[in-house]
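Dear colleague,

Please find below the structure for your records.

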Amino acid sequence: MSVPRLLDHVVIAGPDLGEVVSWFAERTGVTAAPGGSHPTGTANALVALTVDGRRVPHYVELIGPDPAVPHETAPTTFGIHELDGPRIVTYAIHPDDIDGVVAGSRERGYDPGDVWDLSRRRPDGVLLEWRLTRGDAGFQAPFLIDWGATEQPGLSDIPTLEIVSFERVEPDPEPLRAIHAALGLPDGSVADVVEGEPARYRLTVRTADGETVTL
């Protein structure tokens with residue numbers, strides 16, 4: 001078990017943001033801080049992930065429908081409209097050169113997708129801006145993100161939790177390992193892929209009282 005060196009954030013989504021925050025707090029003892037709203041009709045809450053007690057650019061994003069916005073149907077972001085409860089759905093990595101990784105990966109047979117400019121405002125009004133890409137491999141592959149001049153949220157003043165490991169479980173690991181290889185990143189940059197069923201993510205954290213919890 002290990003922590004991906006280029007981990008940016010782990011995404012835990014659900015059909016009700018308040019329920020996702022409560023679910024996470026019940027299991028870890030940490031209540032996520034409000035993050036902000038998105039133009040897609042979603043909102044999030046955040047928890048920074050420490051490594052050996054040190055602040056690092058890793059965090060957990062809890063995301064769901066924005067409770068301040070009326071919804072006729074659930075947002076499709078991260079497949080929220082198909083979820084019946086909280087679930088780890090995907091994760092992001094932050095390579096040094098997002099455009100170079102996209103170009104190189106396309107040459108090696110995997111298209112991570114175009115790079116998009118996005119933004120949101122924190123509850124205190126501060127504007128956060130970033131660039132990200134989403135490929136067609138589904139949520140089992142990481143998406144790429146570049147925060148540019150914006151402070152990475154894992155380094156901001158939000159609650160913290162110690163990360164022990166993060167990995168992807170797949171019945172057949174080889175197709176996903178091939179996608180990881182196509183990204184052309186150094187060993188250890190992305191989540192380890194281990195064989196098992198069902199396909200899922202495993203995030204293991206250590207609580208303040210020393211208990212190890214796997215989500």
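**Helices and their packing**

Helix 2 is followed by Gly109, whose phi is positive, near 105 degrees. Helices here (H or I, at least four residues) and strands (E, at least two) are DSSP runs, numbered from the N terminus. Please note that this is a predicted model, in which local features need pLDDT of at least 70 and side-chain atom pairs count only at pLDDT 80 or more, while totals for chains, interfaces and linings use all residues. Residues are numbered from 1 along each chain as its sequence is written, and side-chain values use heavy atoms, with hydrogens and water left out.

In helix 2, the buried residues (under 20% relative accessible area, where exposed means over 50% and partly exposed lies in between; 1.4 Å probe, protein chains only) are Ile98, Val101, Val102, Gly104 and Ser105. They pack, with contact meaning heavy atoms within 4.5 Å, against strand 6 (115–121), strand 7 (127–133), strand 8 and helix 3.

Helix 3 (residues 174–183) has Leu176, Ile179, His180, Ala182 and Leu183 buried. Seen down the axis of helix 3, these residues fall within an arc of 160 degrees, so they line one face of the helix; the arc is that of the directions from the helix axis to the C-beta atoms. The buried residues of helix 3 pack against strand 5 (87–93), helix 2 (98–107), strand 9 (160–170) and strand 10 (192–195).

**Strands**

Strand 6 and strand 7 pair in the antiparallel sense over 7 bridges, where pairing requires that DSSP finds at least two bridges between two strands. Val115 has Thr133 in strand 7 as its bridge partner. The hairpin of these strands has 5 residues between them, and Gly125 in this hairpin takes a positive phi near 95 degrees.

Thr50 is placed in strand 3 (residues 42–51). Thr50 counts as buried because its relative accessibility is 9%. Leaving aside residues up to four places away in sequence, Thr50 touches Arg55, Val56, Thr160, Leu161, Glu162 and Ile163.

**Aromatic residues**

The whole structure holds 6 aromatic pairs. Rings of Phe, Tyr and Trp (its six-membered ring) pair if their centres lie within 6.5 Å; planes under 30 degrees apart count as stacked, over 60 as edge-to-face and the rest as tilted. Phe78 and Phe143 form a tilted pair, 6.0 Å centre to centre with 40 degrees between the planes. This pair links distant parts of the chain, 65 residues apart: Phe78 is in the loop between strand 4 (54–65) and strand 5, and Phe143 is in strand 8 (residues 143–146). Both Phe78 and Phe143 are buried.

The rings of Phe166 and Tyr201 have centres 5.3 Å apart and planes at 10 degrees, so this pair is stacked. Phe166 lies in strand 9 and Tyr201 in strand 11 (residues 200–206), so the pair ties together parts that are 35 residues apart in sequence. The charged end of Arg168 sits over the ring of Tyr201, 4.5 Å from its centre; the criterion is NZ of Lys or CZ of Arg within 6 Å of the ring centre and within 35 degrees of the ring normal.

Yours sincerely
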